[in-house]
Amino acid sequence: MLSIGEFSKICEVSTKTLRYYDEIGLIHPDEINPENGYRYYSIKQLKKMLFIDRLKAYYFSLEEIRDILQWEQDHSEEKLYSALNLKKKEIQEKISTYEYTLKQINSDVLNLEKGIPMMSYLNEIKVELVETQPMNILFTRQMLSSDDYALGYGHYFSGLYEKIATEKLTLLGTPITIYHSHEYNPAGNDTEFALPIEEVVKGTRDLPDALCARSVLKGAYSELTSVYAKLREWIENEGYEMVNSPYEIYVTDPIQAAVPEDLVTEVYFPVKKKNS
């Protein structure tokens, strides 16, 4: 048996952390002296502690690690395999995001060295006035918090695609997201996910034709805020006003985009000319 101090030293984990792990059910001492409360760990628990540290290094939360330890007890290698693959995907996505951010920083540094203002990229965002055609859309409308967005997009679009496949409907275009909330609320925003289809069935509605200010983003979704700002500036400067909810059409499937620069998103703001 090892005292908590010896176990702490070997594993390079503080005794305070070990006590906390005990409280949350991550790893318990094999023995606690009833007279003095001293905690003792067995040699075999070193392997478990190393396993916990390895999972922490993979950015699993303590709650996730506790679940994985339970799977270990149940000999569920399949669940562990799935969890590792999911975490691998999350880390790859973060790496891509960091690489994209690093590329932007390098671009800004080079521009500043040349005397070009950092925000000059806004001048490269083009806006045009277009007449859109009416669309019949299969939709689902949800209140989503900021934390729900990433998961929500995949979940709700998957449900729409599944309905199209099950009912043998005819898909006519790429995914659309319509934002109905008048202001941003971290607690929840009125968001509609839609796919254009040919058939008029239950769960479809008409997205009418409209005069729209449109811009096209070629790059990461994080840049959409800049596009929205440019569109609002253009609408104001050109004497227009918004008349309906803005929406995005995802021309490129994010799953098929190798890098963020490959993503193509069209942004539409329905407008009308202001009364003189």
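## The second largest pocket

Among the elements (DSSP runs numbered from the N terminus: helices are H or I of at least four residues, strands E of at least two), α5 gives the most to the lining of the second largest pocket, with six residues. This is a predicted model, where local features need pLDDT of at least 70 and side-chain atom pairs pLDDT 80 or more, while totals for chains, interfaces and linings use all residues. Residues are numbered from 1 along each chain, and side-chain values use heavy atoms, without hydrogens or water.

In all, 21 residues line the pocket, and Y100, Q104, Y121, E124 and E223 lie nearest its centre. Two or more lining residues come from each of α5 (77–113), β9 (211–218) and α7 (224–237). Sorted by class, the lining holds eight nonpolar, six polar and seven charged residues.

## The nonpolar cores

Now to the cores, each a set of buried (under 20% relative accessible area, 1.4 Å probe, protein chains only) Ala, Val, Leu, Ile, Met, Phe, Trp, Tyr and Cys residues joined through side-chain atoms within 4.5 Å. The largest has 21 residues, and F7, L18, Y21, L26, M49, I52 and I65 have the most contacts inside it. Two or more of its residues come from each of α1 (4–11), α2 (15–23), α3 (45–57), α4 (62–73) and α5, with α3 providing the largest share, four residues.

Which residues does M49 touch? Leaving out residues up to four places away in sequence, M49 touches F7, C11, V13, L18, Y21 and I27. A second, separate core has 13 residues, including L217, V227, W234 and V267.

Conventions:
1 Å grid on protein atoms, 1.4 Å probe; cavity = no way out; pocket = protein on both sides within 12 Å on 5 of 7 lines; lining within 4 Å. Nonpolar A, V, L, I, M, F, W, Y, C, P; charged D, E, K, R; others polar. Buried < 20%, exposed > 50% of the residue type's maximum accessible area, 1.4 Å probe, protein only. Contact = heavy atoms within 4.5 Å.
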